Amino acid sequence: MASRIISLSPDHSNMDAESQTPAQKPEDMDQKKEQPMPPIRQDAFGDEEFAEVKYKVLKWWQGGLLMVAETISLGILSLPAAVGTVGLAPGLAILISMGIIASYNGYVIGQIKLRFPHISSMSDAGEVLMGPFGRELLNAAQILLLIFIMASHILTFTVALNVITGHATCSIVFGVVGAVISCLLSLPRTLEKVSWLSLVSFVSVFAAVMVTMVSIGIIKPPSTWTVAKHTDLVTGFGGVTNMVFAYASHNSFFTFIAELSDPREFPKALALLQSIDISLYIVAAVVIYYFAGDAVTSPALASASPLISKIAYGIALPTIVIAGVINGHIAAKAIYLRTFAGTGRIHKSDWIAVGSWVGIMVVLWTIAWIIAEAIPVFNDLIGLIAALFLSWFTFGLPGVFWLYMNKGMWFLSREKIFLTVVNVSSVCIGLVVCALGLYASGVSIHQNPAGSVFSCGARS
């Protein structure tokens with residue numbers, strides 16, 4: 001499939017001389033030889049053979065673990081409650097279908113990266129699609145998205161410490177502590193130096209979810225789970241946007257591919273990610289909701305007994321922090337590369353290069369902390385993120401990428417027609433999730449009385 005997607009023009013290599021009409025004259029061929037070929041834009045990091053700081057050193061499995069750490073974090077904590085809003089059967093169907101579509105769309109992102117090697121972020125892809133306007137639009141959208149995700153990690157860190165300590169101090173203090181720790185861990189400039197944290201993150205969230213599932217299974221509280229639920233638009237679609245959030249890390253895929261030592265191995269990293277997240281999401285969402293029923297909470301770790309919840313949150317603290325750190329790193333990398341593009345500064349370790357990186361991190365995490373205090377309800381925050389940004393980065397834009405790469409070939413064969421339908425459907429899914437998700441999130445934020453902005457009260 002990859003070769004068919006990449007090919008944009010018919011192959012004339014097997015045509016004989018008699019079939020070429022009109023015949024090419026020697027002087028015409030000389031003129032063609034004299035015309036300069038357009039320069040091929042290389043990746044953002046260029047030749048790193050003698051660079052002081054090297055970025056393109058990630059192995060495919062390191063990239064895969066980074067993607068796992070970024071994807072399987074906060075999203076999984078909202079899935080049992082999300083399934084509970086629509087019922088077990090619809091929830092399971094949405095989880096599986098979203099996982100399949102997300103896997104295919106990730107593959108398409110890898111294909112457009114190979115076609116245009118200079119792409120290292122969504123803003124570069126926006127420039128390919130729509131020129132300078134597209135570059136600025138997607139650059140702003142990606143940075144805002146990543147800051148919102150960073151904010152959601154600060155919020156979850158605050159919730160965790162409130163549970164563990166029994167709300168021992170003002171929630172604002174916990175939020176500041178989370179922001180400072182995250183900022184410090186974000187200081188390495190290469191993903192390779194951050195990759196060692198990814199395994200810790202995955203083990204952390206996996207262990208926390210397993211502790212929660214086992215404890216609920218042993219206690220077996222009175223369960224009121226249902227196969228399917230009749231619910232209103234705001235509640236039901238709020239659950240759907242939370243499921244979208246769980247799979248949505250596609251906005252960062254270009255950055256991961258750009259730092260791979262061999263970008264052609266990205267499908268291996270993608271397969272590692274999707275095989276783990278789809279299976280773990282299904283098991284965690286179904287088991288926790290089945291045993292907890294309508295009493296399930298979001299984040300799901302609070303669904304167990306108070307003691308087990310404290311233990312689970314303590315185990316989950318590394319992933320709560322590290323997954324946010326990876327998103328912060330990607331946001332800072334996009335700004336850093338754009339600031340010093342073409343100067344060679346990104347490969348240096350002088351005070352300007354290091355100081356600029358630190359300054360960008362401090363500003364980003366400060367803004368993320370402000371957002372976390374302004375929207376202090378976990379479900380509402382991630383629902384807003386999914387609707388506003390992830391609907392496009394995970395579903396809408398990959399479909400547009402494929403349509404762009406295959407322009408003029410959408411109906412050449414049955415396979416092309418099928419893929420055209422798939423990608424147009426993906427764009428439509430992105431549009432629907434964005435529109436209805438924004439409405440549902442906006443109503444929920446307006447009606448939810450649980451959170452007070454910039455207060456010492458407990459977060460939820």
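The structure holds 0 disulfides. It is a predicted model, and its charged side chains form 7 salt bridges. One of these bridges, between arginine 338 and glutamate 136, ties together parts that are 202 residues apart in sequence. A nonpolar patch of about 510 Å² of accessible area lies on the surface.

**Cysteines**

- A disulfide is a covalent bond between the sulfur atoms of two cysteines; the count for this model is 0.
- Cysteine 428 has a relative accessibility of 42% and therefore counts as partly exposed.
- Cysteine 434, with a relative accessible area of 12%, is buried, and this residue belongs to helix α15.

**Helix geometry**

- Helix α15 covers residues 414-447, a run of 34 residues. The distance from its first C-alpha to its last is 49 Å, close to the 50 Å expected at 1.5 Å a residue.
- The buried residues of α15 include Lys416, Asn423, Gly430, Val433 and Cys434. Leu419, Thr420, Ser426, Gly437 and Ala440 are also among them, as are Ser441 and Val443.
- Helix α11 (residues 266-292) has 27 residues, so at 1.5 Å a residue it should span 39 Å. The end C-alpha atoms of α11 are 38 Å apart, in agreement with that expectation.

- Side chains of opposite charge can pair when their charged atoms come close.
- Arginine 338 and glutamate 136 meet through their side chains in a salt bridge, at 2.2 Å from N to O. Arginine 338 lies in helix α12 (residues 306-339) and glutamate 136 in helix α6 (residues 122-165), so the pair links parts that are 202 residues apart in sequence.
- Arginine 338 is partly exposed, its relative accessible area being 31%. Glutamate 136 is likewise partly exposed, with a value of 41%.
- Arginine 345 pairs with aspartate 350 in a salt bridge, also described by an N to O distance of 2.2 Å. Aspartate 350 counts as partly exposed because its relative accessibility is 24%.
- Arginine 264 forms a salt bridge with aspartate 262, and their closest N and O atoms are 3.0 Å apart. Arginine 264 is exposed, with a relative accessible area of 64%, whereas aspartate 262 is partly exposed at 21%.

**Nonpolar surface patch**

- The patch is formed by Val176, Val180, Leu184, Leu187, Val354, Val358 and Val362, which together have about 510 Å² of accessible area.
- Helices α7 (171-185) and α13 (351-374) each contribute at least two residues to the nonpolar patch.
- Valine 180, one of the patch residues, is placed in helix α7. Its relative accessibility is 45%, so valine 180 counts as partly exposed.

**A buried loop residue**

- Asparagine 251 is found in the loop between α9 (233-247) and α10 (253-258).
- The relative accessibility of asparagine 251 is 0%, so this residue counts as buried.
- When neighbours within four places in sequence are left aside, asparagine 251 is in contact with Met122, Gln142, Leu145, Leu146, Leu390 and Phe393.

Conventions. Residues numbered from 1 in each chain as written. Predicted model: local features only at pLDDT ≥ 70, side-chain atom pairs only at ≥ 80, totals over all residues. Heavy atoms only, no water. Patch = residues over 30% accessible without salt bridge, like charges linked within 9 Å, V, L, I, M, F, W, Y side chains within 5 Å. Areas by Shrake-Rupley, 256 points an atom, 1.4 Å probe, with all protein chains shown as cover. Salt bridge = Lys/Arg side-chain N within 4 Å of Asp/Glu carboxyl O. Helix = DSSP H or I, 4+ residues; strand = E, 2+ residues; numbered from the N terminus. Buried < 20%, exposed > 50% of the residue type's maximum accessible area, 1.4 Å probe, protein only. Contact = heavy atoms within 4.5 Å. Expected span 1.5 Å × (residues − 1). Disulfide = S-S within 2.5 Å.
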